[in-house]
Amino acid sequence: MRGRDTPGPRPWPGRERRSPVASLAAAACAALTLGGCAGAGGSGSDQLVVAIVANPQMQDAIALQDHFTEEFPGVDVEFVQLPENEARAKITASVSTGGGEFDVVMISNYETAQWAEYGWIENLQPHIDATEGYRGEDFMPAIRDSLSYEGDMYSVPFYGESSFLAYREDLFEEAGLEMPENPTWEEVAEFAAELDDPDNGVSGICLRGLPGWGEVMAPLNTVVNTFGGRWYDEEWRARLDDPEFRSAVEFYVDLVREHGQPGAANSGYGDCLSRYSQGNAAMWYDATAMVSSLEDPESSAVVGKSGYVAAPVERTDNSGWLYTWTLAVPATSEHKDQAWDFVSWMTHPDYVSLVAEEFGWERVPPGSRASTFEADGYQEVAGAYAEPMRQAIESADPNEPTVDPVPYSGIGFVGIPEFQDMGTRVSQQISAAIAGQTSVEEALEQSERYARAVGDTYQGEDRR
Amino acid sequence: MTATHDRPAERVPRPPRAAERPARRPLRPRGLSGTALTVLTWAVALVFVSPALWMVLTAFKREADAYTDPPRLLFTPTLERFATVFDAGILPHVGNSLIATLCSAALVVLLGVPAAYALSIAPVDRTRDVLFFFISTKMLPVVAVIVPLYVAAGRLNVLDNIWTLVLLYTAMNLPIAVWMLRSFFLEVPTAVIEAARVEGASLPRVLRSVMLPMMAPGIAATVLICMIFSWNEFFFAVNLTASQAATVPVFMVGFITSESLYWAQLSAAATVVSLPIVVVGWLAQRQLVRGLSMGAVK
């Protein structure tokens, strides 16, 4: 009797009954056989593996890969696309350890010079010079400089961006306000106070508050720079407790807490994009790349309603950051020539025309080549934002981003390898201050300790 | 003699309207408390299922509709996002995930059943230490071992190889499987095994013909849990694969973008990707419920 307490089939089943275990084992065997076949299949001789960040412009490139195969038959391209943070971690791990999974990697102006110095990526200058019609001199000078090491380009830009301020012209008109061409942060704060309308679900401004060195730290760094703050002085002493640094952070945190979007500590680029594009914010300070989504009727409810002006300033003449997604060839690639074929195809002036032809001028990768800004078709669709974007990119100077001199380069970031970790730790403190869990003073005290630990390792040596 | 053929005295009498139900179904409590319990059960179920339901709903939206505030329940459904998912080439990734999931589950059963038998029915020396060793391998966060694993896989030239994931998933699931299977083995009455021995059955015969049928629900539950873990595993997959061996979770995150709206396309991908596990779970639900209620998670 006790045996029956245990539910289950009878102990001696007939032969006709097939247990789930047997079914699963059969399925597994089938999979093993299939897997064996797949493994034996192998790939073509010239297969390129390209690791890219899953942004819309890159997805267009994937959609157009047949054109590349037509032009370069015999080269088969496999894409690995990941979100920004995962892509960066994966690519860094692979390139730094010589993992060798990739023939082409998407990196940025943050990594290029550092990786070139370490010998992790190929010098592309000889290829640029030898490729007919590629026109390396057509790249925007600020971007070309930021991708060069000892005068040679080690990665080439797919698209470039700066930061600027988008504002709702209709709301400004209703309120009788006028946005100057080069606003100051004080003016922007006043506008935000005026236009903040929580009852109707419209915040005065949207600013990133999400932790991450590429999230809240990017816009905040530009504010710090123009307020006269800096991460380090020329002796690599951390300066996060300087009054200028503190006033910039206090300003940013107060602005977003008082007149920013609800739940700002969890807001990144994506959240601000969805809020602004659905009409829930009167202003948004962020990457110039926002325009391709904001002016796309498929995803935006505010098409044609926005004006764009230069990044707000305080003590500097300009403050927009400079950032560019670029393609590089890891030193471990076994197909370097074919890798360059692909890199040059995706960053060639002809590629811009191809995207314009297939998808329209609003989807071309902007900001990397002067010729794109000059194209008639681009000027037609991008009238509202092309010029502010071009000026922002041209005026960005990553080598002298601050009021007082600094030993590092970079505007939205500090161009040292440790910044990925340090920036993220500091951003967590800032985000906590935005959430109201800590004060700006406490956040900066802790941040100063992180920065000092990194700065100490640089003192006494010139590692710029 | 007649007494032994009687029905068990503790059997609860049938409720009046139970005729249409299978006779073995558990019986519902009657009256107001029964209704309240039913309502509560459904409410809890709804709370648990609602994120998944919302995901399915979002998959049929346009991107702009997915981001409306307040969220919109009425919208014109579209299949465009699903088209995007299939155009992006989901099938090779599904193949990789199937290989990784099924092969690792099969290996786990092949290794786990004898191990659990040896640790329960026929205890070996220092059983407790062995069991503790098994579970201790789960105590180290995986992030701590990823660098050595990555470097080792690179040196052995097995990066971006699906068999690397099969091996890792087997190692990842084996301790849990052994613990679960052991608790199921302990439920098997020793009298049955002794009876089979007395009848002259050999050990393999006892395992195959006596233990396995009784253990089937437990093994099914174990396999399903291992399959869910392997199917959803992201960390090893994203770090150790690239283009050839990438599994569906790696494919899925490719729809997350930092410069555009993506909730609808991600939801469509997630809906497609969860279907196989939902189907397997549905097919095995009876075994699963029995398995979970008889053993480890009781």
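View 1. Axes are lines fitted to C-alpha atoms, for helices over the stretch in contact, with angles from 0 to 180 degrees between N-to-C directions; residues are in contact if their C-beta atoms, placed from the backbone, lie within 7 Å. Helices (H or I, at least four residues) and strands (E, at least two) are DSSP runs, numbered from the N terminus.

**View 2. Strands S1 and S2 of chain A run parallel.** Strand S1 (residues 47–53) of chain A is joined to S2(A) by seven bridges, and two strands pair if DSSP finds at least two bridges between them. A:Gln47 stands opposite A:Asp76 in S2(A).

**View 3. An open sheet of five strands in chain A.** The strand order is S2-S1-S3-S10-S6 (chain A), with mixed pairing. Strand S2 (76–82) and strand S6 (156–161) of chain A each have a single partner strand, so one side of each is left without a neighbour in the sheet. From one strand to the next, the twist averages 20 degrees.

**View 4. Domain 1 and domain 2 of chain A.** An automatic or database assignment gives domain 1 (47–154 + 323–381) and domain 2 (163–322 + 396–458). Twelve residues from domain 1 of chain A and 14 residues from domain 2 of chain A take part in the contact.

**Notes.** Residues are numbered from 1 along each chain as its sequence is written, and chains are lettered from A and ligands numbered from 1 in the order in which they are written. In this predicted model, local features need pLDDT of at least 70, side-chain atom pairs count only at pLDDT 80 or more, and totals for chains, interfaces and linings use all residues.

Technical notes
Contact = placed C-beta atoms within 7 Å.
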